[in-house]
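Dear colleague,

Please find the structure below for your files. My notes on it follow directly after.

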Amino acid sequence: MKPETLAIHASNLVKSATGDVTLPISLSTTFFRDEDGAYPGGHMYSRVSNPNRSALENTIAQLEFGEDAAAFSSGNTAGMALFQSLKPGSHIIAPDDMYWGFKKQLLSIFADILEFDFIDQTDLKLVQASIKPNTKLIWVETPSNPLLKVTDIEAIAKIAKAAQITFACDSTFASPILQNPILLGADIVMHSSTKYLGGHSDILGGVLITAKKDALWEVIKNVQQIGGAVPSPFDCFLLTRSIKTLAYRMKGHCENGKKLAEFLKNHAQVVDVYYPGLSSHPQHDIAKKQMKDFGGMLSFLVKGDGKMAKKVVNKVKLFAQATSLGGVESLIEHRASVEGPDTKTPKTLIRVSAGLEHIDDLIADLEQALG
């Protein structure tokens, strides 16, 4: 089935006694055992599994062409589950433009447990040179947050496979509709389902998808089920509901993202625009090769200093000045002030999540804020 069809039908796992077309919410935390002690309904305890979570995981696994998926209570928890699954002393090759929440995890929670290097992964020779005898994971984020760097997934997969290293890809900015890293050689895909999968800025969640159920995946599933940082049945229900419209929402996000990028590129108060769909983007050709479209995320640099950038985000009327992305409403923020004093993000950078409003209204709002 095509993604539009899968997104709608893959979550309908259970034929209920009452004939529900949509999977109902199963709030029970525990499930009946039969006379032999088995669980005829397939579920024992909701921390381990639940009908709604199973439906969500099945849907996302199919959309990403994986064998299995594990849903978590947040994107940060999903990424952390993979880091927790590595043996102490393992080395990670991570991107220099890594989502600050994951970078902060490594630098604080895992500082004395794992080793890691943050490098420019668009430089394939540097990736190869960074491999150590104890390197166990190459973690890629493409497109990256907030500089929209695009890393060649297929090329990194070949490097990782040759060195027998697990290769994981944070594909949050793309969603399963625009990019499928497993088809390009990735072992594990990560999404913050808070973002495009949820799509309405009202659900917190994360998910890992595996290409195959190997030994590492069993450790990850153990972290999920024994650690217990799982989404509630209601959150899983809302996510499967949102995913049904994902493919069509992404078309609108992509259309608005590209038009905003083109508008900003030609604006006198803008120094540069980071958007993979622009031919001027340094990895535009790679993006064309591995993405079906270029998404609704973009960043741009304004003339002046950090105060000028803050002035712009404070002048918008329609864009919501707020953290996060992927919702139906357009968001804008001065990213450096979110990431704190140690950020490497330019002080003049503004990040935009293009929503689904009419593009003329979005452009008019940015025009008056920049003007």
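I begin with helix H9 (residues 233–243), which is mostly covered, eight of its eleven residues being buried. Here buried means under 20% relative accessible area, exposed over 50%, and partly exposed in between, with a 1.4 Å probe and protein chains only. Helices (H or I, at least four residues) and strands (E, at least two) are DSSP runs, numbered from the N terminus. The buried residues of H9 are Pro-233, Cys-236, Phe-237, Leu-238, Leu-239, Thr-240, Ser-242 and Ile-243. Their cover includes H1, H2 and helix H10 (246–265), where contact means heavy atoms within 4.5 Å.

On provenance, this is a predicted model, in which local features need pLDDT of at least 70 and side-chain atom pairs count only at pLDDT 80 or more, while totals for chains, interfaces and linings use all residues. Residues are numbered from 1 along each chain as its sequence is written, and side-chain values use heavy atoms, with hydrogens and water left out.

Overall architecture

The protein chain has 14 helices and twelve strands. For 371 residues, a compact globule would have a radius of gyration near 21 Å, and the 21 Å of the protein chain agrees with this; the radius is taken over C-alpha atoms, and the globule rule is 2.2 Å times the number of residues to the power 0.38. The C-alpha trace spans about 75 × 50 × 35 Å along its principal axes. Of the 371 residues, 54% count as buried. Among contacts between residues at least 6 apart in sequence, 70% join residues at least 24 apart.

Asn-50 and its surroundings

Asn-50 is placed in the loop between helix H1 (3–9) and helix H2 (51–63). With a relative accessible area of 1%, Asn-50 is buried. Leaving aside neighbours within four places in sequence, Asn-50 is in contact with Ser-26, Ser-28, Phe-31, His-43 and Pro-233; Pro-233 is also one of the buried residues of H9.

Cysteines

A disulfide is taken as a pair of cysteine sulfur atoms within 2.5 Å, and by this rule the count is zero. The sulfur of Cys-169 has its closest cysteine sulfur in Cys-254, at 16 Å, which is too far for a bond. Cys-169 counts as buried, at 0% relative accessibility. Cys-236 likewise counts as buried, at 0%.

Loops and backbone geometry

The loop between strand S4 (135–141) and helix H6 (153–162) contains Pro-143, and Pro-146 is placed in the loop between S4 and H6 as well. A cis peptide bond joins Thr-142 and Pro-143, with omega about -10°. Another cis peptide bond joins Asn-145 and Pro-146, with omega about 15°.

Gln-164 is not a glycine, yet has a positive phi of about 55°. Gln-164 sits in the loop between H6 and strand S5 (166–170) and is exposed, with a relative accessible area of 76%. Ser-201, also not a glycine, has a positive phi of about 55°. Ser-201 belongs to the loop between S6 and strand S7 (206–210) and counts as partly exposed at 44% relative accessibility.

Lastly, Leu-184 lies in the loop between helix H7 (175–178) and strand S6 (188–191). Not counting residues up to four places away in sequence, Leu-184 touches Ile-153, Glu-154, Ala-157 and Gln-290. The C-alpha atoms of Leu-184 and Gln-290 are separated by 7.9 Å, although the two residues are 106 apart along the chain.

Yours sincerely
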